[in-house]
Amino acid sequence: MLAHAADAIQQAFEDWNNARHWNFAKSTATITLVAPFTVASTTIVDGSTALVSSAGFGSVVVGDVVTGSGIQAETTIITKTDTSNLVMSRAAVTPTSPATVTFNRRDYALPTATAGTTKYIYNIRNPATGAVLHPADARYYDRIFDYPISAGDPQYYDLFPMGELGKIRFLPFPSAAGTIIVKQYRRLGVPSTGADVLDIPQDFEYGILAMAKGYFALDKTNGRELGIDWLAIGAKKLTEAIAADHKQPDEDAGFLPSSFGIQPLQALNRDIRDNEY
């Protein structure tokens, strides 16, 4: 019964997570940018993807962009065997070896809030430059910009590696250390023990528990009618919660200029989408 109850609670939280970007689940986190760094005494072999260094690759992580003698454009690290051996995504061509190679970090772990992980991005700022970073669709970014892309102040962020790696990508990749401020909608944390506090405002607790009771009852013999009743109560409470979460008594409603917040890449993305079939 405890296992059934845990499944029912998780299903109820899943419904609530998917019902809305909850304002009460907004959170702020920071991402620390890594400045480009070099590693000396690196052996690079023509036609090989291997990198070996007696100096060690202790600071390198998988996904870092690597540049150096004979290393082709847009080459990344795909495997870190140990602190002295790396595998690149592309083979070197006529390198000079040993050499000093440079690593740039473009992919960063998405921030984790107190109770849940990133669901959607609300806003990203670079306080060092005052710039607001805008989302970049990887497909259109690749069509617009020639490679290789140089390091610089990040202007865009790309969630392409989010599904595979749980990471966010900054474009251009950072040319200096710094901090990025991420405002996000996080997922509601699902309780895993009886002592866990529900990750939800007090006014909404009964609603999510009612929905969980409904799913629990549906799992029991002859519990369908009771389950439907509880699910109906839960659905009503979810509707009320959405209405309450949407309210902002201090809001100034009005129209914004069409140019507000629109960057060239966003506009170009939109134009391309409008003309696709």
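The protein has six helices and 13 strands, helices (H or I, at least four residues) and strands (E, at least two) being DSSP runs numbered from the N terminus. This is a predicted model, in which local features need pLDDT of at least 70, side-chain atom pairs count only at pLDDT 80 or more, and totals for chains, interfaces and linings use all residues. Residues are numbered from 1 along each chain as its sequence is written, and side-chain values use heavy atoms, with hydrogens and water left out.

Helix 1 (residues 2–19) and helix 4 (residues 205–218) pack with their axes 8 Å apart and at an angle of about 130 degrees, where axes are lines fitted to C-alpha atoms over the stretch in contact and angles run from 0 to 180 degrees between N-to-C directions. Among the residues of helix 1 in this contact (heavy atoms within 4.5 Å) are Ala8, Ala12 and Trp16, and those of helix 4 include Ile208, Met211 and Tyr215.

Two cis peptide bonds are described next. One joins serine 97 and proline 98, with omega about 0 degrees, and proline 98 is placed in the loop between strand 6 (85–88) and strand 7 (99–104). Another joins leucine 171 and proline 172, with omega about -15 degrees, and proline 172 is found in the loop between strand 12 (167–171) and strand 13 (178–186).

Most residues other than glycine have a negative phi, and most peptide bonds are trans.
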